[in-house]
Amino acid sequence: MILRHLFIAAALVTLATGGVAGPVLAAQDVLVVAKAEDPPTADPAVEVSNNGYTLIFPTYERLVKYKGGTTDVEPEIADSWTIDPTNMIWTFKLASGHVFDDGSPVDAAAVKFTFDRLKKLAQGPADSFPTLKQVDVVDPSTVRFVLSAPFAPFLSTLAGSGASIINPKAMEHEVSGDGARAWLAEHSAGSGPYTISNWERNQQITLDRNKHYGGKPPSLKQVIFKIVREISSRRLQLENGDVDLIDQVPVDQAAAMKASKGVTIESNPSLYVVYLYLNCKRAPLSDPRVRQAISYAVDYKGIIEGILQGQGEQMRGAIPDGMWGHDSAGFQFSYDAAKAKQLLADAGATNLHLTYTYSQADPTWEPVGLALQASLADIGVTLDLKNVADTTKRELVAKDDFDIATGAWTPDYADPYIFMNIWYDPASMGAPGNRAFYENPKVTDLIHQAGKIVDQTKREQLYVDAQKIATADAPYVLLFQKNDIFARRSAVKGYVYNPMLIQVYNLGEMSKSE
């Protein structure tokens, strides 16, 4: 098996260097990851998918990073920071020793360049910094962020992909005023442990160690991402030892691989939630009693055990388990057909005929719809299933042209704001996030307060109070959090799962045994 891996590693190195064989790396020096598709881009200021984050996180550093497997943040490029009394001026002192992959130091000018470029491009990652007004260089190791209004999640947003610090020399590759977007789409200009050395679209991407990396040199000398579209092919290559790791494994495939020799299946609780939007602007769902009845008509346990095969947990409030602000003692709906019927009777709602709008973007949405259709029939509600393209579903939801529609959500940063202020603020109705078109002045006031102060203890209580009201109003059917499942060769060591970093691996700390 060792000789087989040596051959594979040598062949992949040859491919990565355009057919010219480089030094043959030992099997334990190369990690091969099979992915379903190419990331769209590796540009931190543009990319918004977990698939792209796979490349961005190991090739760049940020001012702060997630601490181990938690949603807390700790210093990375930043050494320390202070906040002024208005909560609008944040000053960061940079640590020494951080170096870009061309050997130039990471300084305050690079931080300013990164965020100026982010604001100028104004792509999806910029949405995480809605009140960022300007960034000033105080001195080479000090940078100041000035906000136009307090934004409580600001520190957490600095741990995200969009805040990856880019070498200003990347602009040498700018073409026709594109801000170097074309070049950064397939190259890296960061200070992380790895750098993108080769990208063959729809074939493979090669990362080599950053020889100027300021931290401890990684054990893995090279990481190769192979594009293998079919899950069955990815599974076979993993079982045969041709690849070391595959992610986003469906529950049925994970169950089938458990007996595979030399393969380890990891199933970790994630912050990926699946829920349903109930259109609060449209009768009869404008009546909270009807919405509550639907929430009581859902067989949560049956869905989790049957559809997810136990790989998940029922939600309890909008803030998921694993993120601060989650109310572990909060109210949770459970299946109760008798109560659902009584609520409908109290609301005077009879002969209800509703439509469930979904797409195939998440494989659980159709079976959830079928289960809901059956359980609603038991309480006298007819539910039609409407399968549309995902873009169509999003358009219908944006203009509130639906009764019940499907949703899935992963947080962009580790702060309850991304759930509470986006889901429940009437200013975010429609596409921005409040897709139930829900409004309750008490909830609005609580989340607005929580979005402006920095004190986490006070914010947490405000969010707990808001959840108590909002959950009872039932604008969403809070279904479940799905586990994140991936499979690896048992020889792969050192992986630390972080729920904020789906499809992201701490490659700098990982290793392989023979």
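A residue counts as partly exposed when its relative accessible area lies between the 20% under which it would be buried and the 50% over which it would be exposed. In this predicted model, W81 has a relative accessibility of 26% and therefore counts as partly exposed, whereas F92, with a relative accessible area of 0%, is buried.

These two residues belong to the aromatic pairs of the structure, of which there are 28. A pair of aromatic rings is described by the distance of the centres and the angle of the planes. For W81 and F92 the centres are 5.8 Å apart and the planes stand at 40°, which makes the pair tilted. Because W81 lies in strand β4 (residues 78-83) and F92 in strand β5 (residues 89-94), the pair ties together parts that are eleven residues apart in sequence.

The pair of Y424 and Y438 is edge-to-face, because the ring centres are 5.6 Å apart and the planes meet at 75°. Y424 is part of helix α13 (residues 417-424) and Y438 of the loop between α13 and α14 (441-450), so that this pair links parts 14 residues apart in sequence. Y424 is buried at 2% relative accessibility, and Y438 is likewise buried at 2%. Both tyrosines belong to one aromatic cluster, whose members also include Y275, W409 and W423.

Turning to the helices, the axes of α8 (residues 288-296) and α10 (residues 337-347) come within 8 Å and cross at roughly 165°, which means that α8 runs roughly antiparallel to α10. Their crossing is left-handed. Among the residues that meet there are V290 and Y296 in α8 and L343 and L344 in α10, and the contact comprises eight nonpolar, one polar and three charged residues.

Note on methods:
Residues are numbered from 1 along each chain as its sequence is written. This is a predicted model: local features need pLDDT of at least 70, side-chain atom pairs count only at pLDDT 80 or more; totals for chains, interfaces and linings use all residues. Side-chain values use heavy atoms; hydrogens and water are left out. Axes are lines fitted to C-alpha atoms, for helices over the stretch in contact, and angles run from 0 to 180 degrees between N-to-C directions. Helices (H or I, at least four residues) and strands (E, at least two) are DSSP runs, numbered from the N terminus. Angles under 35 degrees count as roughly parallel, over 145 as roughly antiparallel, 65 to 115 as roughly perpendicular and the rest as oblique. A crossing is left-handed if the near helix is turned anticlockwise from the far one by less than a right angle, and right-handed if clockwise. Contact means heavy atoms within 4.5 Å. Ala, Val, Leu, Ile, Met, Phe, Trp, Tyr, Cys and Pro count as nonpolar, Asp, Glu, Lys and Arg as charged, and the others, Gly among them, as polar. Rings of Phe, Tyr and Trp (its six-membered ring) pair if their centres lie within 6.5 Å; planes under 30 degrees apart count as stacked, over 60 as edge-to-face and the rest as tilted. Buried means under 20% relative accessible area, exposed over 50%, partly exposed in between (1.4 Å probe, protein chains only).
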